[in-house]
Amino acid sequence: GNVDIETQTAVTGNIYLGTIEGNTVTLTAGAEIEDLNDAANNVTATNLIMSAVGGIGDANGIETTVETLDVTNASGGNIWIRQLTDDIDVVGILQDGNNGDITLENLDGTINVLSSGSGVVADGTGDITLTAFGTESDININNDVTSEGGEIGIVAERNVNITDGTVETTGDGSIDIVAGENVIVANSRIATEDGTLDIASENIYILDQSNVQSGDGTITLDTG
């Protein structure tokens with residue numbers, strides 16, 4: 001069945017996670033959502049929806065085995081999610097009006113940022129890091145991945161595919177995209193303002209209708 005947990009205190013209530021299993025798991029905290037069992041799994045679900053004010057896995061990542069992820073955090077603190085296995089579909093990850101970082105790691109599977117969702121957005125100067133481990137693991141971006149001046153890092157052991165999406169940061173923020181086999185950019189925009197833009201992979205494809213640019217920063221494409 002479904003699991004819905006909400007703190008009664010709208011401003012200071014925390015949710016401390018051991019282990020939860022359900023179909024759709026919804027966690028709503030007036031303050032933080034925190035991990036209590038270190039590297040062990042916290043949530044097993046088809047759909048995981050989390051909302052907090054002050055951080056989600058701020059200093060110790062929330063471990064998951066879920067199919068879809070939708071996360072919003074406001075007013076400070078970091079978002080750190082560690083998918084332990086299986087592919088994960090990102091409906092949205094939002095740092096709403098604060099400078100916290102966003103970190104999503106899949107330790108053994110692919111990350112899909114869905115076109116039907118809201119993308120991955122640091123609505124401030126927070127950094128964004130997306131990492132997919134595993135020899136058959138990709139990162140597929142079909143939406144926006146943006147920060148207002150933070151660093152953006154996208155690393156996959158196999159392929160990074162950016163299709164109909166935007167990867168962009170402003171100010172001095174830089175972008176680093178690394179893949180073991182292929183980086184494919186199709187009908188998409190990748191841009192920095194003053195920061196560097198580095199893409200490294202065995203093969204790099206910048207296809208028609210794509211725009212890779214930096215205002216005052218350098219662009220490096222490395223297939224070495």
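Which residues form a nonpolar patch on the surface? The points below take up this question after some remarks on the model and the fold.

1. This is a predicted model, in which local features need pLDDT of at least 70 and side-chain atom pairs count only at pLDDT 80 or more, while totals for chains, interfaces and linings use all residues. Residues are numbered from 1 along each chain as its sequence is written, and side-chain values use heavy atoms, with hydrogens and water left out.

2. The protein chain has 24 strands and zero helices, where strands (E, at least two residues) and helices (H or I, at least four) are DSSP runs numbered from the N terminus. Its radius of gyration is 17 Å, close to the 17 Å that the globule rule gives for 224 residues, so the chain is as compact as a globular protein of that length; the radius is taken over C-alpha atoms, and the rule is 2.2 Å times the number of residues to the power 0.38. The C-alpha trace spans about 50 × 35 × 30 Å along its principal axes.

3. Of the 224 residues in the protein chain, 49% are buried, a class that means under 20% relative accessible area, with exposed over 50% and partly exposed in between (1.4 Å probe, protein chains only).

4. The nonpolar surface patch consists of Ile206, Ile219 and Leu221, which together have about 240 Å² of accessible area, as given by the Shrake-Rupley method with a 1.4 Å probe, where for residues only the protein chains shown count as cover. Patches are made of residues with over 30% relative accessible area and no salt bridge, joining like charges within 9 Å and nonpolar side chains (Val, Leu, Ile, Met, Phe, Trp, Tyr) within 5 Å; a salt bridge is a side-chain nitrogen of Lys or Arg within 4 Å of a carboxyl oxygen of Asp or Glu. Isoleucine 219 lies in strand 24 and counts as partly exposed because its relative accessibility is 39%.

5. A negative surface patch is formed by Glu151, Asp172, Asp176, Glu193, Asp194 and Asp216. Aspartate 216 is placed in the loop between strand 23 (211–214) and strand 24 (219–222), and it counts as exposed at 66% relative accessibility.

6. Aspartate 164, a residue other than glycine, has a positive phi near 55°; it is found in the loop between strand 16 (159–163) and strand 17 (166–169), and is partly exposed with a relative accessible area of 48%. Glutamine 209, also not a glycine, has a positive phi of about 70°, sits in the loop between strand 22 (203–206) and strand 23, and counts as exposed at 66% relative accessibility.

How values were computed
Lys, Arg positive; Asp, Glu negative; His and termini not counted. Charge placed at Lys NZ, Arg CZ, Asp CG, Glu CD.
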